[in-house]
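Dear colleague,

I am passing on the structure below, and my notes on its packing follow directly after it. Please read them with the model open beside you.

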Amino acid sequence: MDKAAIIESLESKFHLNREDSNVLVVGLGKTGLSAAQYLHQYGFQFAVVDSRSNPPLKSALLSQIPEASVIEGGFHSKDFIDATHLVVSPGVSLNEKVIEDARLRGAKILGDIDLFSCSVREPIVAITGSNGKSTVTTLLGEMAEANGKNAGVCGNLGTPALDLLKQDAELYILELSSLQLERTTALDATAATVLNVSLDHIDRHGSLGRYAAEKSRIFNGNGVMILNADDPVVSAMAIAGRKAWTFGLESKADFQVKVIGNAEWMVEEDVGLMPVKELAMEGRHNIGNALAALALGKSIGLSYESMFQALKAFNGLEHRMQKIAEIDGVVWINDSKATNIGACLAALQGIENKVILIAGGDAKGADMHDLAPVVKIKARAVVLMGKDADRIDRALKDCVPVYKVKTLPEAVLTAAGLASPGDCVLLSPACASIDQFKNYQERGHAFATAVRGLAA
């Protein structure tokens, strides 16, 4: 889209214009920085506010836009009073009183995805879910590349959506969190999916129902809906009259798994597509991710040949069911990205061997009791660490032996002493990492380092 068309779209959808709009970008992380750059590029009046003193990206902003106004050290009413529009970063709660007060005064609350949606005419594929969204987003990007398409891929993966506008993409694939979706109204994706819904971000959304409602906003618009037939919460999001395809491992679905001859196949409408054994990714839950990606790819016209090529080559993401080593007959798997209970359950259910589970961290207020039945079947023992170790221990109700440690290297040593040949030691914390690490990546790297130390 040319500049004039983008400005006209913003005016039409949000009454955002360069004459009398005052935009306040709330939060100066990667998303906030990209929003400030975007507003500057199109000539809008804006300021940036951050609750931190000297936010880390302040210097990056001022080096590019020296005249930018940056307010730091807290959110104060006086700084919000003249704002006509707030572009609120996902890391900032919409329940902040100053944001609520601004909304009541008539200020429009936007997200960066709103700005992005007003700036492209190319197809958008939108992907969300409690678990698997990074895998499916990356996999679909690989499928598009194999099909010869120049796809812009972003989201929780690290690149802000607005930064993709600098590329000459013919297709955009966006991974979106519930925190992004709750402040987004302009998205109209060509195809969209909610992969699954399990307890996560309850500290921000308050209930599973509210969390699911925010996820379902990805289906605003008129595009193809891709629904998980195995997940009743997702299945209930179907909208009458909308084109929809389903995928599932256990339920009858448009894209599912069936036995043909003596082998399992991924099928569409009972027609065999590709043998499951040819998938490069580990774990049964990744078969579901592959089915979702096939449905999304079909909805945007990717050829099956290119999609099969990607499925046979893509072996998953770092920190997501990543095999680190096999030592004395014991397989060690890094699933540090399992930051909620649903991801941990999926990991456990996807492993055939007995497991020594390493878990714990910051549970973000989630109920951990659903772990017990699966742990009882799949695990020999559980090694717990971190802030909510006691909370998880209580939820497990002595279903298997539990060992508590203080550090991840100590957890690895303890697990090594418990594991027998044929077992799998699985780091799948079911918790966020922020109590002991900067992020799940640092936690995963620490695990891999400790495991490689054992091998040495």
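Leaving aside residues up to four places away in sequence, Phe116 is in contact (heavy atoms within 4.5 Å) with Ile124, Ala161, Leu162, Leu164, Leu165, Tyr172 and Leu174. This is a predicted model, in which local features need pLDDT of at least 70 and side-chain atom pairs count only at pLDDT 80 or more, while totals for chains, interfaces and linings use all residues. Residues are numbered from 1 along each chain as its sequence is written, and side-chain values use heavy atoms, with hydrogens and water left out.

Phe116 is also among the residues with the most contacts inside the largest nonpolar core, which has 53 residues; such a core is a set of buried Ala, Val, Leu, Ile, Met, Phe, Trp, Tyr and Cys residues joined through side-chain atoms within 4.5 Å. Helix α2 (residues 30-41) gives the largest share of this core, five residues, where helices are DSSP runs (H or I, at least four residues) and strands likewise (E, at least two), numbered from the N terminus. A second, separate core of 40 residues includes Leu195, Leu291, Ala293 and Ala310.

In helix α5 (residues 97-104), the buried residues (under 20% relative accessible area, against over 50% for exposed and partly exposed in between, with a 1.4 Å probe and protein chains only) are Val98, Ile99 and Ala102. They lie on the same side of α5 because they cover an arc of only 100° around the axis, taken from the directions from the helix axis to the C-beta atoms. The face turned away from that buried side carries the exposed Lys97 and Leu104.

Best regards
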